[in-house]
Amino acid sequence: MSSSTSPRTAALIPAAGAGSRLGLGPKAFLLLGGLTLLARSVAALAPQVDEVVVALPEGLELDVELPPGIRTVIGGATRQASVLALLRATDAEVVLIHDAARPFAPPEVIAAVKAAAWEMGAATAALPVADTLVRSEGDNWGQPITREGLWAVQTPQGFHRELLQHAHAEAEQSGIQATDDAGLVARLGRKVRLIPGDARAFKITTPGDWALAQALAAFWDKK
Ligand code: C5P
């Protein structure tokens, strides 16, 4: 793990989801080319941070094998609750939040998010939208949406820990549930820097994603 004059940085990995849309059991523990999604995500982040903390589903926390030095907490009923549990487990100055369900995060994206998070307070990997976008009306084509200026948000996302903790506390107080952390910071009126992400950092959600991940694993591991 890194140690230098840069701020103390923790990777916080929510891995406590049920994986219900994929239907193969808790997603983070699926084996892809001999390694779990969680092990791949930990391996991607660990070289660039001072500590790694993982949120596991309740009941699985005793069965999971992780490299030495990796701490675990029990996650919550939502991703947001799992990230809050992770935040309470670290006092690092900068935190990188990364979904266990995104096993192929390129090192240069992680490094760029980390640098921007320290400089700006908040940053996220994101990809400019490439497809034509349309809002459906029932099963039909409804209103087209211009894709100009639209980004699909990925992880890692990086923050000054105190800022993200504040954003989570505000969200809890206001009863806001979000699907990511950058959104919680942005709703406070704070700037979140968009860092060009990578198509390979896609989140495994559906059976189609799982098929793509299996194909990609062989190439990724040859690097
Ligand atoms: O469900 P989704 O794929 O959006 O989850 C994104 C990440 O958040 C996954 O790595 C999942 O394990 C994690 N998660 C969590 N606790 C939950 C729900 C999801 O840690 N209650």
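Helices (H or I, at least four residues) and strands (E, at least two) are DSSP runs, numbered from the N terminus. This model is predicted: local features need pLDDT of at least 70, side-chain atom pairs count only at pLDDT 80 or more, and totals for chains, interfaces and linings use all residues. Residue numbers start from 1 along each chain as its sequence is written, and side-chain values use heavy atoms, without hydrogens and water.

**Stop one: the largest pocket**

Select Gly17, Arg21, Lys27, Arg79 and Lys203. Of the 28 residues lining the largest pocket, these lie nearest its centre. A pocket is an open set of points on a 1 Å grid over the protein atoms alone, where a 1.4 Å probe fits, with protein on both sides within 12 Å along at least five of seven lines; lining residues have an atom within 4 Å of a point. The space here is about 650 Å³, a volume being the space filled by probe spheres set on the points, which are joined across faces, edges and corners.

Now select α2 (79–87) and β10 (151–160). Each supplies at least two lining residues. β10 gives the largest share, four residues.

Colour the lining by class. Ten residues are nonpolar, eleven polar and seven charged. Nonpolar means Ala, Val, Leu, Ile, Met, Phe, Trp, Tyr, Cys and Pro; charged means Asp, Glu, Lys and Arg; the others, Gly among them, are polar.

**Stop two: the second largest pocket**

Select Leu127, Pro128, Val129, Ala130 and Asp131, which are among its lining residues. The volume is about 220 Å³.

Next, show β7 (122–128) and β10, which each supply at least two lining residues. β10 gives the most, three. By class, six are nonpolar, one polar and three charged.
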